[in-house]
Amino acid sequence: MSRIYLDNNATTVLDPRVKQAMEPYWLQQYGNPNSLHQFGTETYPGMNIAIDRIYTGIGAADEDDVIINSCATEGNNTVLKGVWADMILNGDKTRIVSSMVEHPSISQTLDWLESQGVDIVRLAPDADGLITRDILAEGFDAEKTALVTIMWANNETGLINPVKNLAEFCRENGVLFHTDAVQAVGKVPVNLRDVPVDFLTFSAHKFHGPKGAGGLFVRNGRLLTPLLHGGEQMGGNRAGTVNVAFMVGMGLAMELAVEALDFEESRVRCMRDRLEDAIASLPDTLVLGKREHRTPNTILASFKGIEGEAFIWDLDRRGVAASTGSACSSESLEADATLQAMVSDADLAHTAVRFSLSRFTAEEEIDTAIAAVKETVERLRSISSTY
Ligand code: C6P
């Protein structure tokens with residue numbers, strides 16, 4: 001049985017062109033870029049091209065910095081803990097403002113900062129599941145606030161926050177703004193010339209690059225206390241030997257993902273809508289979030305009376321891979337504020353299943369997936385009705 005992968009928000013397949021571009025850096029150009037000999041210096045051209053591709057891909061300017069790191073979790077931790085060290089522990093700010101619907105790499109870090117005495121404000125989304133400028137503005141205290149961090153696109157629902165408005169509000173109030181753009185890069189345009197964020201995180205494996213490579217955009221190269229102290233790599237902002245192969249792979253993956261944005265917006269959206277229509281037509285089924293507010297590849301659906309994990313297992317037996325919310329906190333969906341804000345029926349809110357496509361998803365796979373979803377729903381509902 002051929003397998004169908006509809007869990008691209010968890011991770012994506014490496015683009016074969018990216019794999020090929022990384023190849024020389026394992027056995028031939030394996031030098032340490034910080035070494036003075038040729039093995040070291042011959043890695044420079046590839047790294048420079050990669051950095052150019054990343055700057056172009058997100059619209060960074062020469063005066064900005066992009067710190068290459070291991071993943072978005074690292075980038076998110078770097079911003080939150082750096083701002084804490086610089087502006088709260090060693091400054092006069094007391095507060096970080098965020099939302100109730102962030103990825104655990106933000107929410108768990110905020111929980112820890114709260115345990116250290118930081119005043120954390122977690123905004124609830126509106127009925128559409130979004131954090132709007134009005135929600136942020138209500139009761140906002142610029143004197144106290146060191147940072148606002150709101151994700152660009154939600155990994156479970158695909159809902160896209162109005163990040164430009166939020167960033168502009170923070171700029172007007174003189175407060176730093178960070179966005180976790182892991183699920184936005186490669187799915188929707190991310191142009192930081194238009195969107196005045198101060199910090200932005202991304203992760204290569206979400207856009208067909210290698211796992212274990214990420215980036216942190218820092219407006220105007222603003223200095224933050226680093227998470228990793230040690231060598232002078234990344235201008236002293238992130239110590240540790242640079243993973244040249246992964247950096248090269250991430251650069252090309254970024255370029256290819258940006259080139260494919262039209263395809264994402266047209267073909268991927270079209271396939272997603274077809275699957276979504278089929279799911280929504282099943283009885284007692286709900287798809288969360290308005291289409292126009294979501295990334296083109298994501299569906300979060302809820303099947304009344306069916307337990308999420310049972311659904312995933314049954315669907316997997318039919319050769320289709322989906323997930324119950326995010327890969328690192330599947331069971332947290334019950335407590336997910338986005339769902340609670342959007343679904344009044346508690347039973348529906350317990351059973352959400354995420355389907356996420358990519359530009360490598362094929363039309364025929366959607367036909368097979370639709371049939372498999374229908375069979376799974378019928379089977380699991382028939383079992384539950386016999387008890
Ligand atoms: N979300 C999901 O199934 P890393 O793995 O550190 O590069 O990325 C973490 C991360 C941060 N922010 C967002 C919005 C994310 O979606 C993720 C990864 C996966 O939803 C795995 S939990």
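Phe-207 is buried, at a relative accessible area of 2%, where buried means under 20% relative accessible area, exposed over 50% and partly exposed in between, with a 1.4 Å probe and protein chains only. The model is predicted, so that local features need pLDDT of at least 70 and side-chain atom pairs count only at pLDDT 80 or more, while totals for chains, interfaces and linings use all residues. Residues are numbered from 1 along each chain as its sequence is written, and side-chain values use heavy atoms, with hydrogens and water left out.

Searching the whole structure gives seven aromatic pairs, a pair being rings of Phe, Tyr and Trp (its six-membered ring) with centres within 6.5 Å, stacked if the planes are under 30 degrees apart, edge-to-face if over 60 and tilted for the rest. One of them joins Phe-202 and Phe-207 in a tilted arrangement, 6.5 Å centre to centre and with 45° between the planes; Phe-202 is buried too, at 0% relative accessibility.

Phe-311 and Phe-355 make an edge-to-face pair, with 6.4 Å between centres and 85° between planes. Because Phe-311 belongs to helix 11 (residues 308-317) and Phe-355 to strand 12 (residues 352-356), this pair ties together parts 44 residues apart in sequence; helices (H or I, at least four residues) and strands (E, at least two) are DSSP runs numbered from the N terminus.
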